Amino acid sequence: MSGSGVDRDGVYGERPGREAVVGGEQSVSDRPPSGTPSERGPGRRRGRRGRRGERLMVPEAEFTSYYGRPVINAPTWSARDIAGYFFLGGLAGAGSVLAAGAELTGRKAMARALKVSSLAAISGSGALLVHDLGRPARFANMLRVFRPTSPMNMGSWLLTAYAPTAGAAAVLEAAGRLPRIGRAATGGAALLGPAVAAYTAVLIGDTAVPAWHDGHRELPFVFTGSAAVAAAGMALIASPVAENGPAVGAAVFGTALESAASRIMERRLGFVGEPYQQGKSGRLKRAAQGLSAAGTAGALLWGRRNRIAAALSGAALLAASACTRFGVFQAGVASAEDPKYTVVPQRERLRKQAAGDA
């Protein structure tokens, strides 16, 4: 039994160092003994100090998810297939628009080259899409209904209408037959071209992936600018320097539109826009910016005078457009894999809603 106690004269038999600490320093007996987890190294969290000197045993709250797993399923699409599908579709759609303009202004060589490249690009784009789907029948199954509220369904119908039109324009141009039908096909492809270039941005913006869904306002403009850059690059590679005027203008327009839309989107997204600036996506974005700046500068300075410089500038612009599409794809995957980009914005929206209701 303890030899201490309390009588009317006070406490007797108490042991030294057992006094309760209300404020200030801890007593010696209250410190953790040697060998406890708090003295085994900095890798273990120590308890926090309270306002009145007591140690709080609950550690600082840290964000985590259920068993550390993502809140939403990350896209399982192949980057080569789907990002390549985005890039080639943009090249085809913008190329048809530029081809129609070249034909109207009498630039026959440029018009012919862009019609052929648009047919090749949309064929490659469709092949990548079918490869990702696994079976061609899955694409055909999407045409069994007509659903204006579904971007995927509308995109399937759009590709079904555009590909034959672009094909007819290219084949009749190469064969030199039926010029009136060829001109009509060129005009039809040009009308559908902007939608082909931008609809994939609407498609990914309709998903639950944070970096895509929250950027649905600006992504169509990013993709349109990137498509114009790609078409300008193809025209600079395949056209005579004497006809490169529209290609130079398209390069300047596309670079300016893509850059402005990307900056506005990332500024508006704030925290959710981090994946566009970090990791693989950030590296691709910086590469796209450098290549588009170099390609546009080369097109402005030498695109209409030097054949080799024009081709090199065109190659840089094509590479810049591809980096943009692959960078957007990688940003979406990164934002889906990290649960904070899903949960933190939801909590913020709930907090604002609660504050507004109050």
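Which residues line the second largest cavity? The lining of the second largest cavity is made up of Tyr85, Phe86, Gly89, Gly90, Ser125, Leu159, Val196, Ala197, Tyr199, Thr200 and Arg325.

This is a predicted model, in which local features need pLDDT of at least 70 and side-chain atom pairs count only at pLDDT 80 or more, while totals for chains, interfaces and linings use all residues. Residues are numbered from 1 along each chain as its sequence is written, and side-chain values use heavy atoms, with hydrogens and water left out.

**The chain**

The chain has eleven helices and four strands; helices (H or I, at least four residues) and strands (E, at least two) are DSSP runs numbered from the N terminus. Of the 358 residues in the chain, 42% are buried, where buried means under 20% relative accessible area, exposed over 50%, and partly exposed in between, with a 1.4 Å probe and protein chains only. Taking contacts (heavy atoms within 4.5 Å) between residues at least 6 apart in sequence, 72% join residues at least 24 apart.

**Empty space**

Rolling a probe the size of a water molecule over the atoms shows where empty space is left. On a 1 Å grid over the protein atoms alone, a cavity is a set of points where a 1.4 Å probe fits but cannot get out, a pocket is an open set with protein on both sides within 12 Å along at least five of seven lines, and lining residues have an atom within 4 Å of a point. Grid points are joined across faces, edges and corners, and a volume is the space filled by probe spheres set on the points. The table sorts lining residues by class, with Ala, Val, Leu, Ile, Met, Phe, Trp, Tyr, Cys and Pro as nonpolar, Asp, Glu, Lys and Arg as charged, and the others, Gly among them, as polar.

| Space | Volume | Lining by class |
|---|---|---|
| Largest pocket | about 280 Å³ | seven nonpolar, eight polar, four charged residues |
| Largest cavity | about 50 Å³ | four nonpolar, three polar, one charged residues |
| Second largest cavity | about 40 Å³ | six nonpolar, four polar, one charged residues |

The largest pocket has a volume of about 280 Å³, and of the 19 residues that line it, Glu258, Ser262, Lys285, Gln289 and Thr324 are the closest to its centre. Helix H8 (245-269), helix H9 (279-302) and helix H10 (307-337) are the elements that give two or more residues to this lining, and the largest share, seven residues, comes from H8.

The structure holds two cavities of 30 Å³ or more. Around the largest cavity stand Ser96, Ala99, Lys115, Ser118, Ala166, Ala169, Thr186 and Ala189, with two or more lining residues from each of helix H1 (79-104), helix H2 (108-133), helix H4 (151-175) and H5. For the second largest cavity, H1 and H5 each supply at least two residues of the lining.

Helix H5 (residues 179-205) has 27 residues and reaches 40 Å from its first C-alpha to its last, close to the expected 39 Å, a span given by 1.5 Å times one less than the number of residues. At Ala198, H5 bends by about 40 degrees, the bend being the angle between axes fitted to the seven residues ending there and the seven starting there.

Thr296 belongs to helix H9 and counts as buried because its relative accessibility is 10%. Leaving aside residues up to four places away in sequence, Thr296 touches Ala251, Val252, Thr255 and Leu317.
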